[in-house]
Amino acid sequence: MIWVPNQLVGAPSGTDVTIDCQTEAYPKSINYWSFRDSKTMLFPNKKYVTSDTEKRYHIHMRLTIRDLSQSDFGNYKCISKNSLGETEGSIRLYEIPKPSLAPKSASELNRANKEGKFISPCLLIKQQ
């Protein structure tokens, strides 16, 4: 069996993202990740970091994709195989915009007011 907690994951380019799956199998299974409907394993390297946490027949699989670029967005699969069969879970990774500028701190607002600059409360809401 496979459980995918988040089948749709969004992240901005240039960041790292971690996706995960949980599997349970008897007899023990071979577990791996693939990308873009390929049955080829994703091997750990500078781009992909994999980790598994095992408790008896339950395995929590994690895949971290570093420094996301356009070519990294798409469909990832966690695959579990044993002598009785195979199952897979699917996770769609899509791009979201980078967060906007952080809202101004209270000290920055106070400094602006002391300098005689008027900051509209409506402007603050729009910046967030």
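Analyst: **Strands, their partners and their surroundings**

Over residues 117–128, pLDDT stays under 50; pLDDT is the predictor's confidence in each residue, from 0 to 100. For this stretch the model has eleven contacts beyond four places in sequence, a contact being heavy atoms within 4.5 Å. The chain has a mean pLDDT of 85, and 78% of its residues reach 70 or more.

This is a predicted model, in which local features need pLDDT of at least 70 and side-chain atom pairs count only at pLDDT 80 or more, while totals for chains, interfaces and linings use all residues. Residues are numbered from 1 along each chain as its sequence is written, and side-chain values use heavy atoms, with hydrogens and water left out.

The open sheet comes next. Its four strands stand in the order E1-E3-E6-E5, with antiparallel pairing. Strands (E, at least two residues) are DSSP runs, numbered from the N terminus, and two of them pair if DSSP finds at least two bridges between them. At the edges are strand E1 (2–3) and strand E5 (48–55), each of which pairs on one side only. E1 is joined by two bridges to strand E3 (residues 17–24): Ile 2 has Thr 23 as its bridge partner, and Trp 3 has Gln 22. Eight bridges connect E3 with E6, where Ile 19 stands opposite Leu 63.

Thr 23, in strand E3, has a relative accessible area of 0% and is therefore buried. Buried means under 20% relative accessible area, exposed over 50%, and partly exposed in between (1.4 Å probe, protein chains only). The contacts of Thr 23, leaving aside neighbours within four places in sequence, include Ile 2, Trp 3, Tyr 57, His 58 and Ser 80.

A further pairing is parallel: strand E2 (residues 8–11) and strand E8 (residues 85–95) share four bridges. Gly 10 has Tyr 94 of E8 as its bridge partner. In a regular strand the side chains alternate between the two faces of the sheet. In E2, the covered face holds Val 9 and Ala 11, and the uncovered one Leu 8 and Gly 10. Tyr 94 counts as partly exposed because its relative accessibility is 37%.

Leu 68 lies in the loop between strand E6 (58–65) and strand E7 (74–82), and it is buried because its relative accessibility is 3%. Among the residues it touches, not counting those up to four places away in sequence, are Ala 11, Gly 14, Val 17, Lys 47 and Leu 93. Leu 68 and Gly 14 are 54 residues apart in sequence, yet their C-alpha atoms are 4.8 Å apart.

Lys 47, in turn, forms a salt bridge with Asp 72 (2.6 Å, N to O). Lys 47 lies in the loop between strand E4 (30–35) and E5, and Asp 72 in the loop between E6 and E7, so the pair ties together parts that are 25 residues apart in sequence. A salt bridge is a side-chain nitrogen of Lys or Arg within 4 Å of a carboxyl oxygen of Asp or Glu, and four are counted by this rule. Another joins the side chains of Glu 88 and Lys 77 (2.9 Å, N to O). Glu 88 is in strand E8 and Lys 77 in strand E7, eleven residues apart. Lys 77 counts as buried at 14% relative accessibility, whereas Glu 88 is partly exposed at 31%.
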